[in-house]
Each structure stands twice: as structure tokens, then as C-alpha cells.
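Work through the exercises below with the sequence and the 3D view at hand. Each task is followed by a solution in steps.

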Amino acid sequence: MTTTETPYLLRNEPDELRRLEEQAAALAPATRTILRLAGIRPGMRVLDLGTGAGDVAFEVADLVGPEGSVVGIDSSARALAWAAGRTEARGVTNVSFVHADLHDVRLTGPFDAVVGRLVLLYTPEPARVLRRFAGLVRTGGVVVAMEYEMSAAGMLPSTRFGEQVAHWITEAFERSGLDPLLGARLEAVFGTAGLAPAVVLGLQSYRQPGDPTGARMATGILRTLEPVLVRTGTATPEELGLDTLEQRFHRHQTDLELVFRLPTLVGAWTTIGQSRDH
């Protein structure tokens with residue numbers, strides 16, 4: 001997701017969009033679980049904030065079915081063009097996209113739900129964004145946010161190499177003024193937005209020894225974060241060694257029979273119209 005007010009670290013180039021697709025595939029089981037638990041169901045009209053390449057919109061589209069609909073918003077024309085092409089290729093007919101910034105888009109409600117995954121991190125005032133779009137949700141509808149709790153990522157058992165990779169990723173976000181622990185703070189964000197207390201649940205994915213997914217994902221995100229890491233003096237190109245990092249990561253995990261745990265995807269949701277003391 002991008003907005004005009006935030007230092008979005010992950011570029012919307014084709015390689016980056018493909019990386020986001022792979023990340024989305026890894027997050028899909030947790031995302032579907034959170035959406036179902038939050039109450040996304042057939043026939044709903046749903047707004048997807050920061051839709052990017054459309055992955056969350058497609059998950060929601062499956063849940064709301066042909067009688068429901070999804071509107072995805074994003075400020076990146078390139079990402080939306082990519083999403084539109086995927087929509088056509090998949091034969092999806094209940095998803096549409098709006099090219100606009102979250103802070104000034106004008107939409108006609110009401111919606112039955114507003115959802116967003118890995119979007120509040122890139123907004124300077126996440127509670128303000130939630131409050132604004134919650135105002136488009138009918139009474140009895142739901143607001144759903146999903147964000148990473150990044151400190152949970154790493155090797156099991158822990159190794160120095162795994163800790164170094166995780167440190168580079170979290171440090172890049174922190175040095176850019178972004179909160180790598182936002183997922184853990186979602187209940188407070190909902191409260192500041194004036195919403196009823198949220199249900200908050202974290203789901204984590206584990207990659208077994210020999211599974212190349214973790215190595216590809218870690219290398220892909222570090223490749224996009226390299227400019228921040230180098231500019232802030234966190235790591236040099238030689239220390240990162242991106243040309244061989246994927247191979248080294250995979251060999252390290254396989255040789256030592258390590259499990260790689262991805263960052264926790266934390267979901268938070270609440271129903272519009274519930275009292276604050278519910």
C-alpha cells in the first residue's frame with residue numbers, strides 16, 4: 001500500500017509486486033481465518049484499504065461470493081494495473097478498484113465491512129484512518145485490520161544468523177519511523193479511533209527445514225529495504241550479501257534443521273454500533 005503522506009519502503013516495481021504476491025500466498029491461510037472469524041460472509045459489500053496487487057480483495061471476494069462485492073483502494077496506479085490484470089485472468093467479477101489516496105478519497109457508503117492488511121503501518125495516524133473509514137460502515141458491520149508483529153520472526157532454535165536477518169528488517173522499518181510492533185498495538189489503535197474494544201488474535205506461519213519460502217521472502221524484502229539499510233548505516237551491501245543471501249539462508253536452515261517462523265500476522269476486528277464497554 002502507498003499513500004502520499006508515508007515513506008512506503010517497498011517499491012511498486014514488477015519484481016516487488018511479484019514478491020508481494022508470494023508474501024500474500026504465505027499469509028493467505030491466516031488472512032482467511034481472520035476474515036472468517038471477523039464475520040465476513042456471503043452477500044457483503046466490503047471496502048479493502050490499500051489493496052495493492054489485490055490479494056486481500058480476492059480473499060474477501062471468495063468469502064462474499066457472487067452476490068457480494070469488494071472495492072479496493074490504492075494510490076499506486078502500477079499496483080492497481082497489476083491487480084486489474086490478475087482480476088481478469090482469474091475471471092473475478094465482484095471486485096473493482098479505485099485509484100486514490102486513503103486520506104482524500106470520496107466514497108459512497110454504507111459498506112458492510114472495511115478491511116485492511118499491512119496498511120495502517122504506512123499511515124502517520126492509523127487511528128484517524130480507522131475512524132474515517134469506520135464511518136462508512138453500517139451499524140452491525142465490521143472493521144478489520146491486520147498488521148505484523150515483526151519481533152516474532154526468526155529461526156527456531158534461535159541462531160546468530162537468523163537474529164541478524166530479523167534485526168536488519170525490523171531496523172529498516174524503525175529507522176524509517178514505522179512501527180514493527182504495530183500488530184501488537186492494534187487494540188489501542190481501535191480504542192483511539194473511538195471504536196468498541198476489538199478482538200485481537202495473532203497467527204504465525206512456520207517454514208520447515210528444506211522449505212525455500214522463508215529464504216526467498218527474507219531475501220526479497222531485504223533487497224527492497226537495502227537503500228534504507230545502507231543510507232542509515234545499518235548494514236553495508238557487503239554485509240547484506242544479497243547476491244548469495246537466499247542460498248546462505250536456505251543452507252543454514254537446512255543444515256541445522258531449523259524452523260523459520262514468519263512475523264505474526266495480528267488481526268483485530270470490532271462491530272460498528274457496539275458500546276465501548278461491551
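Predicted model: local features only at pLDDT ≥ 70, side-chain atom pairs only at ≥ 80, totals over all residues.

**Exercise 1.** Classify the aromatic pair formed by Phe161 and Phe249.

Solution. The structure holds two aromatic pairs. In the pair of Phe161 and Phe249, the ring centres are 6.1 Å apart and the planes stand at 65°. Planes over 60 degrees apart count as edge-to-face, so this pair is edge-to-face.

**Exercise 2.** Find the elements that this pair ties together.

Solution. Phe161 belongs to helix H5, residues 160–175, and Phe249 to helix H9, residues 242–255. The pair therefore ties together parts that are 88 residues apart in sequence.

**Exercise 3.** Decide whether Phe161 and Phe249 are buried or partly exposed.

Solution. Buried means under 20% relative accessible area. Phe161 has 21% relative accessibility, so Phe161 counts as partly exposed. Phe249 has 0%, so Phe249 counts as buried.

**Exercise 4.** Describe the pair of Phe249 and Phe260.

Solution. The ring centres of Phe249 and Phe260 lie 5.2 Å apart with planes at 80°, so this pair is edge-to-face. Phe249 is in helix H9 and Phe260 in strand E9, residues 259–261, eleven residues apart. Phe260 has a relative accessible area of 10% and is buried. Phe161, Phe249 and Phe260 form one aromatic cluster.

**Exercise 5.** Which rings have Arg45 and Arg132 over their faces?

Solution. Arg45 lies over the face of Phe111, 4.1 Å from the ring centre. Arg132 lies over the face of Phe133, at 5.2 Å from the ring centre.

Terms used. Residues numbered from 1 in each chain as written. Heavy atoms only, no water. Phe/Tyr/Trp six-rings, centres within 6.5 Å; stacked < 30°, edge-to-face > 60°. Helix = DSSP H or I, 4+ residues; strand = E, 2+ residues; numbered from the N terminus. Buried < 20%, exposed > 50% of the residue type's maximum accessible area, 1.4 Å probe, protein only. Lys NZ or Arg CZ within 6 Å of the ring centre and 35° of its normal.
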